[in-house]
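Please examine the structure shown below before reading on. The paragraphs that follow take the overall picture step by step.

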Amino acid sequence: MNFEIISPTTTDELLVAIEKCQNRHFRFGAGCTDLLMELKKNPADDLTVINLAQVVDDRLTNLTKTSKLYRLGSMFTAGRIVVNDELKTHFPVLHESAHNLASTQIRQVATVGGNLCTASPSGDIACALVALGARCEMLNTNGKSRSVAVTDFFTGPRKTVLKSNEVLYGISVPLNNKETAKIYSRFIKIGTRRSMECSVVSLACHIQTDAKGVILAAGVAIGASAPTIRLAKDACSSLIGKTFKKITRKEKEEFAATVLSYASPITDIRATAWYRKEVLFNISKSIFE
Amino acid sequence: MKKELKVIGQPIPKQDANIRASGKAIYGHDIVLPGMLYGAILRTEHPSAIIESIDVSEALKLPGVVCVITADDVDVNNIGYKRDHPILKKGEACCTRDELAAVAAETKAIARQALKLIKVKYKVRKGVYDAFEALEDSAPQINQFITGKFENKNIAEKFQYGHGNLEEEKKRSRHIISRRFTLPRMTHACMATSNITASYNNLDKKLLLYSSTQVPFLYQRDMAHALKINPSDIRVIQPVIGGGFGSKLDMHPFEPICALLSMKTGRPVQIIYSREEEFIASPIRQPMIIDLTAGVDKDGHFTFREINIIKDNGAYTSWGATTPFVIMQSFSSLYKVKACSFNAMAVYTNNVFAGSFRGYGNPQATFALERVIDLLADELGMDKAGIRLLNANEKGEITGQGLHYDTCGHKECLETVIEKSNYFNHKTSGKNDRYKRGIGLASMLHVGGGAKIYRSDGCGTTLKIDPYGYCTIITGSNEIGQGSETVLAMMAAEELGIELKKIKVINTDTDVKPWDVGVHASRTSFVAGNSLLGAIRLLKEKLNSKAAQLLNIKDADFEYADNKLISGKSGERIALDKVVREMHFSEPNELAIASFFYEPSSKFQDKEFKGNVSGTYAFAAQSIEVEVDTYTGNVQVLDIYVAQDVGKVLNPLLLGGQIEGGIMQGVGYALSEELLMHEGRILNPNFHNYKMLTASDTPEIHFYPVETHDKEGPYGAKGVGEAPLIPTAAAIANAVCNALGLEMLELPITPEKVLKALDDKKKRKK
Ligand SMILES: Cc1cc2nc3c(=O)[nH]c(=O)nc-3n(C[C@H](O)[C@H](O)[C@H](O)COP(=O)(O)OP(=O)(O)OC[C@H]3O[C@@H](n4cnc5c(N)ncnc54)[C@H](O)[C@@H]3O)c2cc1C
């Protein structure tokens, strides 16, 4: 494997580097935990890697908060999510998804941006971000930015809406509802081992209730169950207005069946489609137990 | 008189822990010799194919390529336990590992590039990937080198054993249970990938090998046979070894290939496997189908066991084919049983071949046996602990197979784990209906004092004390990470009264060290320990008489402590180094050196596989609690209680390491590890999909050593290395079945299999 590396140190340099690479075969490298594996599998000799790790730019690497949202730079690492108390308090699903990713070592370099841009159906942080209704902010070589909902960011396995002259700049997560009194927010990851595991099935849920326990907002996303991570929209909306604690067994099962309707899993060496469906149904129910 | 032990029994860290932890250890991967070339191997693209031609001309033209060999370029013998394995394959490929050509080049990258330039013309044929199919008349002959000894062309090896009156015991049985068990392929997944550096000197025709073999002297012989040279012209040096677990018992083709490349080029050559290659081309635990029928009388005594085993041998025969030696021991002699009839055969297929793996067939046997014991107890309405205690082995017992249990901690091990795990009062439910808890018991029997499967199961030691009072132990045995160097040094420290830091262990060079059969069968501390103690005895005789002379006393009865010899009677003392100097530099001008060869009292088994094959036997029991998630099928192992008859604890720290490491291998075997194959190809040759468990999956392990003080063992110790892994999968399976009220007949018990079993149960109910 032989490739050239460009290591810009400012965002301007980064944009220039992207511009320069427009007629070349190039890839971004963030934590490189996915990239290296991929290059090992499909070595390319004429490749340029634009290394994002040396760019000094708060908006690329840090966490900021406004009155409406939290914004994570795309280079924010899983490890930093894990140790951030604010994120843990407001978005347990995000915390758990990062905490269950790979291993302590890998989490120190693996980035949110990398998790999204890899566009793996089993991306854990990406799955949590879909449930949270997050948006991706992309910057192009003209310095212009645009944003799309994470749900719409993925167009297929390993495919995103990113254009060749764009880089993922940041991800914004809307603050919880003002009236929210309690959140039921979890990331459920199914696999054989407790670490170094890729989700066989995953389910991210972020449900907000008012003081009486009435559901105000709900985000439920499923991973490793379809060509892309999917937001189970109808399942989410079916919950609005219901009292979380009073959801009946029948409602639970209907909810689980609705979630399942978003799944079209495959059989591979890690699990059969039968297993993935069975488990997805069960864990969907388990949210209310 | 029982001497108080000062060093033995202490938790002394592994002597090489510092170099290992600091990265200073020199593994085979770190070796660089002047002028060294890098070797790489071209393997077949198809597990079963006719090789019509191999064209290496383009590869040879690549700058930096020094040598390319195929079967046509070498004059060698087949390798393997049955000599049915060509080093380089000619004419046909019989399994996905098959080596077709090898390259030596100036760099690794060039060597790899050269492989791509070799053109092979294949005629793909239908392979046989199922052992039962291979036994059918219509199946082709898979291995062309077999002797035709057996009734079917695809039988590689057969074992038959029996004792007692089977028919009578069947008649006497109140209940009889028959089950078929299926055991998977598991791989060692050593941290260090396979490696070798060969350096042939074409002036004196001597071959130097840096190899991580577990059995250097057998290896030297096998290598010599393969290459048609003299064994003594081969010098084997072992660098630090990053994991053995049995995988390095066989010599594998890449090793003579590396030697051949060096012989052809006259330059040193190194071959190092990539991780993927390691998964594909290093050995595995033998997969097998075990049909077990067993009976019990009305009081719960075991009556008989009837066993038929079909082992998937793969395309070539390795030591793995001989695992029935050990398997039959468990069936014939674990718990008392009146009659046993055992049949096992290894059948050629186009799958990858197995090798030896910690436990040597015993985890497979123990899984089947202990599962059936649970079922027999259920049939009888007897409790599962009670039936085991009733039938447990005892001290003084001579089993149907002729194993002599001079010491036996079987019952004590069972009692210990039953009590400590609160077996009779364990929780049956988890935090809600979704989670089910269960507990399972299993025990095991394994050789604990070597295993006489070769003409000698012995080990030699040469012991030297230098004029500065330092001691060098030159031992035939070797270190593969298990800590034998440390234990040997501790024995010398104990006996000679010198500090550990003054003791060196030399064990890596066949030109220097005396014979030993190798690291296997949990034998090293036992056999090498006894050998060392013998050498110490001899050396002390010399030192004692010199010291007595120097002190002018008659009585040569000395104690050794604080680097001194202390007279037992008068209390007079003299420094050890001084005695050695006086021995060397004045009359009788003799070296402070002694050599000893220890051969265990064990016997070679007769043709019927009867006889006392080991110096002593180890026993263990485990009680394991699990919680099963009925939503996902995940099995969480909560607590593992393990009691093991170790004879005597030589070093609790190292013993604990063996127990924990072994158990985690056992948990992996039970729940997650399987090399998946489809039509002869390995589907998961990586850590991503080969599910080896991690530190975060480790349950609580509660270990209770049981000391039975075997008179044969050094300080009473028995072998411990393999035992901890052996009953683990069986106990976990029993616990899962206990939790869910269903049967698991197959390992590993993956979440999917659990959920499927629950689903089937639900459907049956409806
Ligand atoms: C052993 C191991 C275990 C793993 N376990 C998990 C797991 O449990 N859960 C999980 O979700 N993932 C897992 N992964 C995958 C991986 O670690 C994560 O997806 C991680 O978040 C990727 O981040 P990265 O910074 O390393 O991405 P990189 O490898 O640097 O990049 C990934 C892809 O995204 C592109 N990219 C990166 N940043 C940007 C950007 N800002 N703009 C545009 N494109 C960009 C790259 O070009 C590349 O194609 C594992 C990987 C390994 C090796």
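What pLDDT does chain B average, and what share of the residues score at least 70? This is a predicted model, and the average pLDDT of chain B is 96. A score of at least 70 is reached by 100% of the residues of chain B. Such a check comes at the start because, where pLDDT is low, the predicted coordinates should not be read in detail. For the complex as a whole, the predictor reports a pTM of 0.97 and an ipTM of 0.96.

Let us begin with chain B. Its secondary structure consists of 30 strands and 18 helices. Along the principal axes, the C-alpha atoms of chain B occupy a box of roughly 90 × 75 × 50 Å. How does the radius of gyration of chain B relate to that of a compact globule? For 766 residues, a compact globule would have a value near 27 Å, and chain B has 27 Å, so the two agree.

The interior and the surface of chain B can be described next. Of the 766 residues in chain B, 64% are buried, where buried means under 20% relative accessible area. Among the contacts in chain B with a separation of 6 or more, 79% join residues 24 or more positions apart. The accessible surface of chain B amounts to about 28400 Å², and carbon and sulfur atoms account for 51% of that surface.

We now turn to chain A. Here the secondary structure comprises 14 strands and 13 helices. Chain A is as compact as a globular protein of its length, because its radius of gyration of 19 Å is close to the 19 Å that the globule rule gives for 289 residues.

What percentage of the 289 residues in chain A is made up of buried residues? The figure for chain A is 52%. In chain A, residues 24 or more positions apart provide 63% of the contacts with a separation of 6 or more. Chain A exposes about 13000 Å², of which 51% comes from carbon and sulfur atoms. Its charges number 37 positive and 27 negative, and their mean positions are 5 Å apart.

Definitions and conventions. Residues numbered from 1 in each chain as written. Chains lettered and ligands numbered in written order. Predicted model: local features only at pLDDT ≥ 70, side-chain atom pairs only at ≥ 80, totals over all residues. Heavy atoms only, no water. Helix = DSSP H or I, 4+ residues; strand = E, 2+ residues; numbered from the N terminus. Rg over C-alpha atoms; globule rule 2.2 N^0.38 Å. Buried < 20%, exposed > 50% of the residue type's maximum accessible area, 1.4 Å probe, protein only. Contact = heavy atoms within 4.5 Å. Areas by Shrake-Rupley, 256 points an atom, 1.4 Å probe, with all protein chains shown as cover. pLDDT = per-residue confidence, 0-100. Lys, Arg positive; Asp, Glu negative; His and termini not counted. Charge placed at Lys NZ, Arg CZ, Asp CG, Glu CD.
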